[in-house]
2 protein chains.
Amino acid sequence: MTRPTFVRARRPEHKQQRREAILEAARRLALESGVRNVTLGGVATAVGLAKSNVVRYFGTREEIYLELLSEAGRDWHDAVVQRLGAPTPPGDVVTVLAETLAERPLFCDLLGQLSQHLEHNVSLTAARAFKETALELTTGLGRAVARAHPELTVDEAVELTHLAAWLAGCLYAASHPSPAIAELYQQEPHLLAALCPPFLPTLRRALAALAAGLPTLRDQPA
Amino acid sequence: MTRPTFVRARRPEHKQQRREAILEAARRLALESGVRNVTLGGVATAVGLAKSNVVRYFGTREEIYLELLSEAGRDWHDAVVQRLGAPTPPGDVVTVLAETLAERPLFCDLLGQLSQHLEHNVSLTAARAFKETALELTTGLGRAVARAHPELTVDEAVELTHLAAWLAGCLYAASHPSPAIAELYQQEPHLLAALCPPFLPTLRRALAALAAGLPTLRDQPA
């Protein structure tokens with residue numbers, strides 16, 4: 001039996017395939033041109049579906065990217081837990097956090113878009129699924145970090161993990177300048193040197209300072 | 001002689017008045033509904049000009065907000081320098097940084113939009129003016145912070161100032177959730193408690209940890 005290519009997916013496994021194809025197209029487009037430049041129409045075109053068909057699977061562009069952020073977060077969690085599973089000198093824990101983030105540009109781009117964009121224009125259901133995942137992952141990461149870095153309590157390690165994710169988002173944006181800023185930096189090396197933070201060393205150093213500093217705050221009032 | 005209300009401004013003082021009126025309208029709209037929700041058309045309507053007239057003064061919406069960010073940055077710089085001019089225990093320096101940021105919600109909103117939005121769609125001239133101001137202000141702030149907090153070198157104090165600005169931007173966005181996330185937080189207090197950082201204490205604590213931790217990194221390889 002021959003079938004037209006783009007019939008509506010009715011069987012669960014076909015629906016799952018469509019869902020995966022949409023996520024894959026959104027992932028590829030974001031890696032090519034940055035999350036901020038991808039539209040729902042662009043994703044629909046890339047996956048060969050009408051926009052009205054894409055929204056059967058994800059209500060909005062933002063819901064697609066929240067789902068990709070959850071996936072990327074799980075992947076980051078697993079990488080950190082695996083690398084910290086081997087004996088790690090406490091000082092290398094922040095290197096693991098920073099390197100695993102630097103190895104995941106799409107994750108960092110998504111983190112930078114999160115509060116201002118990806119959490120807008122989403123259903124309560126999508127928001128709840130995302131936030132429950134975020135809580136589970138940051139709790140798990142905090143425990144793994146505290147085990148490998150015994151000077152930190154679990155609460156401090158969770159705090160460090162949150163700060164790592166926030167800083168990764170804003171440093172990624174600052175270290176990947178817009179065309180206008182990139183042109184300016186080429187003309188003015190003193191501005192490049194002073195204002196364009198190299199992602200990995202800047203993040204690693206900030207996390208090392210935080211990990212050293214957080215335990216010194218224990219006796220201070222909140 | 002009577003004149004129609006909205007003739008083109010020809011004299012320098014009239015041009016300056018128009019410019020100020022545009023900035024003031026953009027500032028007011030951003031305070032009312034958030035920088036992300038303000039369009040160039042909205043600014044033009046608020047100031048009673050055609051869009052084509054507004055772009056004689058600022059090429060794009062982003063150039064208007066870069067200019068407001070420069071102004072707000074100067075205001076922050078002056079407030080910090082003034083408060084640190086009085087004798088300040090070193091431990092209170094980060095409180096001054098955090099409190100002066102918390103008192104400036106539009107500045108924090110703009111900082112959160114900077115790399116991803118406000119530095120796009122701007123002329124090289126606007127980009128250069130903004131970045132030269134940013135360099136001058138962070139250098140000045142670094143010197144003022146180092147004078148009041150002698151455990152920090154000027155370079156470390158400049159670093160702390162940059163981190164304060166980045167963190168203020170992302171914490172502001174995270175602590176001012178979208179309608180969907182706000183509704184979720186109302187239903188799920190455990191997610192609110194774990195994932196919605198209160199702006200001022202979170203920023204203050206992160207800066208205190210950074211200020212304590214940065215000097216411990218001096219003997220480590222970069």
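A:Glu62 has a relative accessible area of 12% and is therefore buried, since the cut-off for that class is under 20%. In this predicted model, the side chain of A:Glu62 meets that of A:Arg61 in a salt bridge, at 3.2 Å from N to O, and A:Arg61 is likewise buried, with a relative accessible area of 14%.

**Other salt bridges**

- Over all chains, a search of the whole structure finds 28 salt bridges.
- A:Glu13 and A:Arg11 are joined through their side chains at 2.7 Å, N to O, and A:Glu13 counts as partly exposed at 38% relative accessibility.
- In chain B, a salt bridge at 3.5 Å (N to O) links B:Glu103 with B:Arg104, and B:Arg104 is buried, with 15% relative accessible area.
- A network of salt bridges connects A:Asp75, A:Arg83, A:Glu99, A:Glu103 and A:Arg104.

**Interface of chain B and chain A**

- Contact involves 54 residues of chain B and 54 residues of chain A, and the two chains bury about 4,900 Å² between them, with 64% of it on carbon and sulfur atoms.
- B:Gln116, B:Trp166 and B:Arg205 supply 14% of the area that chain B buries against chain A, which is more than any other three residues.
- Four salt bridges are counted between the two chains, and B:Arg205 forms a salt bridge with A:Glu159, where the closest N and O atoms are 2.6 Å apart.
- By class, the side of chain B that touches chain A comprises 28 nonpolar, 15 polar and 11 charged residues.

Technical notes:
Residues are numbered from 1 along each chain as its sequence is written. Chains are lettered from A and ligands numbered from 1 in the order in which they are written. This is a predicted model: local features need pLDDT of at least 70, side-chain atom pairs count only at pLDDT 80 or more; totals for chains, interfaces and linings use all residues. Side-chain values use heavy atoms; hydrogens and water are left out. Contact means heavy atoms within 4.5 Å. Buried area is the accessible area (1.4 Å probe) that two parts lose on being put together, summed over both. Ala, Val, Leu, Ile, Met, Phe, Trp, Tyr, Cys and Pro count as nonpolar, Asp, Glu, Lys and Arg as charged, and the others, Gly among them, as polar. Buried means under 20% relative accessible area, exposed over 50%, partly exposed in between (1.4 Å probe, protein chains only).
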